[in-house]
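Let's walk through this one chain by chain and then see how the pieces meet. Have the structure open while you read.

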Amino acid sequence: MILHPAILALSIGSILISLMLILSAYFGLLILKKWDLKSGSEVQLSLERKTYLISTVMAYAFSFQVLSFFLFIYTADHLSPLFSGAMCAAGTLNVNRWGYPTFLLKMINFLFAGLWLIINYTDNRAYDYPLIKWKYGLLLFAVPLILAETIIQTSYFLGLHPDIITSCCGALFTPEKQGITSSLIALPRLPLEVLLYLGAGLSIGEGVVFYWKGKGGWLFTFTNGATLIVAALALISFICLYIYELPTHHCPFCILQSEYRYIGYPIYMTFLGSGVSGIGVGALMKARSIESLKEIAPRIQKRLVIFSLLCLTIFLIISGYQMAFSNLKMVF
Amino acid sequence: MIQLQNIKKVFHMGKPNEFVAIDGIDLSISSHQITVFKGPSGSGKTTLLSLIGSMARPTAGRIFLFDREITSLPERFLTEVRRKTFGFIFQQFNLIKGLTAIENVMTPAYPSGEKRGSLAKRAYELLNLFGMAQKASVRVDWLSGGETQRVTIARALINHPSIIIADEPTAHLDTKLSIEFMDIMGKLNQEGKTILIASHDPMIHESPLVHRVIEMRDGKIIRN
Amino acid sequence: MTWIEKQRNILDYTLSSLFRRKGKNLALIGVYTCIVFFLASVMFFTYALKREAALILKDAPEMMVQRLLAGRHDLIPLDYGEMIQKIRGVESVKGRLWGYYFDPTNGANYTLMVNEKHFDSGSVIIGKGIEKNLPGDQFGTLPLKAQDGSYLFLKIKSTLSSDSELVSSDLILISETDFKKIFAIPEGYVTDLTVRVRNPKELTTIATKITQLLPDTRPILRDEILRTYDASFNWRGGLLLIILLGSILAFVILAWEKASGLSMEEKREIGILKAIGWETSDILLMKFWEGTVVSLSSFLLGVILAYLHIFFSSSVMFEPVLKGWAVLYPKFRLTPFIDFYQVVALLFLTVVPYTIATLIPSWRTATIDPDMVMRG
Ligand SMILES: Nc1ncnc2c1ncn2[C@@H]1O[C@H](COP(=O)(O)OP(=O)(O)OP(=O)(O)O)[C@@H](O)[C@H]1O
Ligand SMILES: [Mg+2]
C-alpha cells in the first residue's frame, strides 16, 4: 500500500460511508417489514424518523460518490510516476486486477445513488409515501454494491506497490492487440459517428416530445442510455485522437491531465449527469399513475429531461469543438 | 372546521407504564370562536391541544382540519400544516434566549423562504401593534413578563395563522396582564381568528369573550 | 428563489446560534484547527521536499556509474570511463569529484563538489547555510582541514543562489586541486562517472552492457532515483499521517460527543423551533450549515497556519523527524509551493470523518418531539 494522503482519504471516507450505509440498510429492512402509515403507533413514528436519517446518509453518500470518483481518477493519474510503465491513470489502474473494477463500480454506484435520490425526492413530495417499498428495495440493492466498491477499492490500494511494472494506455488502448478494449478501439469510425449523431438527434427529439406530450419516457431513457454508450465508444475510438492530436492515442484517462486543460472532467461530468437524469425519467414513469404523484412526477420528469439533454448537448459541443479545432486532420 | 373522531392518545403503548392520556374524544370546533378547555391537572388538555395543533399524532382516531384529514400525513406535511395554520402561545413563553425580540418573532417564518427584508418589516409591524416597537432589538432575556407575553403573541401571528392555540397563557401573569391578554384575544377573534385556550384560570373561563367552555377529566370530555 | 432565501435564513440563524454558544464551539474549532494544522504541515513538508528533490535531479545526468568495493561505493578509475565511451550509443562520459566534509567547530556536514569551470585553486563558492555558520572574523576565507592535518585557507568568491535551498545550502564548490589535496585522492581516480546517451530509450540496454563489461560497477538511472525518492517520501510522510490518523480518530470521538451531548437548553431550543414550524429536515439543514461553517473555518485556519509554519518558520516542528539523515544539517528554507490537489485530499481526510461523526447525533437532535416544549 502507498500511504498517500488521497489514498487514505478515499479509504477512510469509503469505509465510514459504508458503515453508515449498513445501518441505513438495516433501517430500510425494518421499514420494508413494518411500515404502516395508517398507524399512529410509536413503532411507525420511529420508522418515519429513520427515513430522515436514511435520506441524509444517502445524500452524503451521493456527494461523496461524485467527489470521490474524480479524486480517485486524479489520484491514479497523479501516482503514475511511481509505477514503471504507467504514464497516466490507465497504467495505475492496471497495476493490479482491482483497479478497473473499482473504477467501474464507482460509476455504477454514482448512478444508483443518484437514482435513489431522485426517487426519494419525488416520494417526499407526496403525502402518502407511495414509493416507499420501491425506494427501500432499491436501497437494499444498491448498498451491497457500494460495500463491494469499498472492499474492492481497499484491495486495490493494498495491492499498490511502487516498482510494479505495468502497462499503460499505449499498450492497453491499441487496436493491434487482442481483447475487448482493442476491438472497441478498432470500431469503424464512420458508423459510430453516424450512430452518435443519430442517437443524439433521437434523444433530443424524444425528449422534446416527452416534454410536451408526456409520452415515451422509457423510450427516452433507452435512447439516451444507448447514445451515451455510443458516445463513450466514440470517445475512445476517435474523439480523443483529436484532443491528443495524435492519430494513435486512444486513452480515456490522459484527457484528465493538465496538458489537455482538464477537458476530461467536463466530459465525464456531463456524461454521468446525462446518464443519471436520463435513467431518472424512465424510473419515474411508474409514479405518473400514482394518485398522489399525478402532478408532481411529470414536473420532476420534465426537469430531468431538460437536464439530461443539456448535459448531452454540452458533451457534444465539447467533443465537436475539440474535433473541429484540433491540429490533427484525419481523412477516412 | 376542526373535527375529532374517536381520538385516542396512548403513551408507552404495550409497556408496563402504558398510559391513556386521551380516551376516545369526539369533538367538533367551529371557526371564529374562542373555545376554552378546562379541567384538573393531568386531564389531558395539553395533550389534546398538541394533537389538534398537529404537533403529535393520535394513536387512533381521525382528525380533520378544514375537511382535510391530517391524521396520517407524513411529518413534512404535518409541519407545513402547523406552520401555515396555527400560531402557538406556550405556558413557559418559550422564546429563544439570546435572540432579540424581533428575531424571535421572525424565526417561525425562516423555513418558508421569505425574504428577510419583508419579513423583518412584518415582524416590526406586529411588535408595534402590541406597543413593543421600541423594544424590538432588545434581547428577550431582559424583557418583563408582560413584554415577553406580547412578543410571544406577535411570534404566534407572524405566519398569518387562522387558529391560535394557547396553553395556560396566563399562568405566569398577574391579574392586570391576564385581562390585557384576554382583550388581545378578543380583538384577534374579531379579526376572524379561531382561538383555543387550555386553562385553569377562572378569569378565562368566566370571561364574557369566551364562546364555549369544554370540561375534561381523565382524557374524556365531561361537559361541553 | 425561495430555496435560496430559505438557505440564507437558516444559515443566518445557524451563525447566530453558533455565536451564542461561543465557548463550546471555539473549543471544537480550536481542536479541529490543530488537527488540520498538523496534517497540512506534514503534507506541505513532504511535498516541498519531493519537489526539491525533483528540482535537483532535473539537471542530473541520465546515468551515473559507481564502483563498488565490498559492497560500498569506492573511487572509480578514469580508465573505466574510456571503456564505457566505446560502447555504442554512449555520447559522452565525465568523471565527477565530490564528497562530504565534517566541520567539527560547527558540528555540521558540508557537501564538497568540484566544479572546474569557473575556478582557480585557492577559492570556493559556498551555500547560504554555510555562510550563516561562519564566524564573523574570517575575512572572507574558509579554513578546511586536509587529510594530512594541515589547513587550507580558501578565499570565498561568492555565495550560491539557486531554486532549491535544500541542495545549495550546505554546498561548497571547489577546484580539483584543492579537493584532491583535502581528501588525498590518487591521480587517475574520480568519485563517479556520469554517462550521456544518444537515445534515452537505450538507457537500460547500455546499463546492462556496462555491468557486463565492468562487473564491479553499478549504473544508476536518474528515473530510478526519482522513483525511489518519491516512494520514500510518500512512505515517510504517510507513516506520519498514520500516526496523525490516531489524532483524527480522537477528534472524531470528540466531535461525536460534542454533537450528541446537547444541554437541556439546546434541546429546548430545537423543540421550540420545531413547535413553531420548523421541520425535521430544516433542523438537519441547520446542522449541515453548522458543520460546514465549523469545518471550513477550522480547515482554512489550519491550512494557513501550516503554510506559515512550513515555508516561513523553517518547519521548526518536523525537521528532526522527517529529514532524518541530517540532524546537523544547516538551516534552510523550503520554496513555498502549494498544490490544489493536496489541499483537496486534506479536505477529504478531515471533513468527511467529521461530517459522518456528527451525522447521527444531528439526526437525533433533529427528531426531538416538538410537543415536548408544551410541557414544563
Ligand atoms: N410523553 C408522555 N409520556 C407519558 N405520559 C405523558 C406524556 N405526556 C403526557 N403524559 C401524561 O398524560 C397526562 C395528561 O397530560 P396533559 O399535559 O395533557 O395534562 P393537562 O391537562 O395539560 O395538565 P395540566 O393542567 O397540569 O397542564 C398526564 O398524566 C401526563 O403525565
Ligand atoms: Mg397542560
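What share of the contacts in chain C with a separation of 6 or more comes from residues 24 or more positions apart? That share is 81%, where contact means heavy atoms within 4.5 Å.

Before going on, some housekeeping. This is a predicted model, with local features needing pLDDT of at least 70 and side-chain atom pairs counting only at pLDDT 80 or more, while totals for chains, interfaces and linings use all residues. Residues are numbered from 1 along each chain as its sequence is written, chains are lettered from A and ligands numbered from 1 in the order in which they are written, and side-chain values use heavy atoms, leaving out hydrogens and water.

Chain C has 12 helices and 13 strands; these are DSSP runs numbered from the N terminus, H or I of at least four residues for helices and E of at least two for strands. Of the 376 residues in chain C, 52% are buried, meaning under 20% relative accessible area with a 1.4 Å probe, protein chains only.

| Pair | Residues in contact | Buried area | Share on carbon and sulfur |
|---|---|---|---|
| Chain C and chain B | 28 from chain C, 32 from chain B | about 2,700 Å² | 58% |
| Chain B and chain A | 14 from chain B, 13 from chain A | about 1,200 Å² | 43% |

On the chain C side of its interface with chain B, C:Asn9, C:Ile276 and C:Met374 supply 26% of the area that chain C buries, more than any other three residues.

Helix 1 (residues 5–34) of chain A packs against helix 12 (residues 340–366) of chain C at an angle of about 20°, with axes 9 Å apart. The axes are lines fitted to C-alpha atoms over the stretch in contact, and angles run from 0 to 180 degrees between N-to-C directions. The two helices are therefore roughly parallel, the label for angles under 35 degrees.

Finally, a look at A:Ser80, in the loop between helix 2 (42–79) and helix 3 (89–93) of chain A. A:Ser80 is buried, with a relative accessible area of 4%. Not counting residues up to four places away in sequence, A:Ser80 touches A:Ala86, A:Met87, A:Cys88 and A:Thr92.

Definitions and conventions
Buried < 20%, exposed > 50% of the residue type's maximum accessible area, 1.4 Å probe, protein only. Parallel < 35°, antiparallel > 145°, perpendicular 65-115°, else oblique. Buried area = accessible area lost by both parts, 1.4 Å probe.
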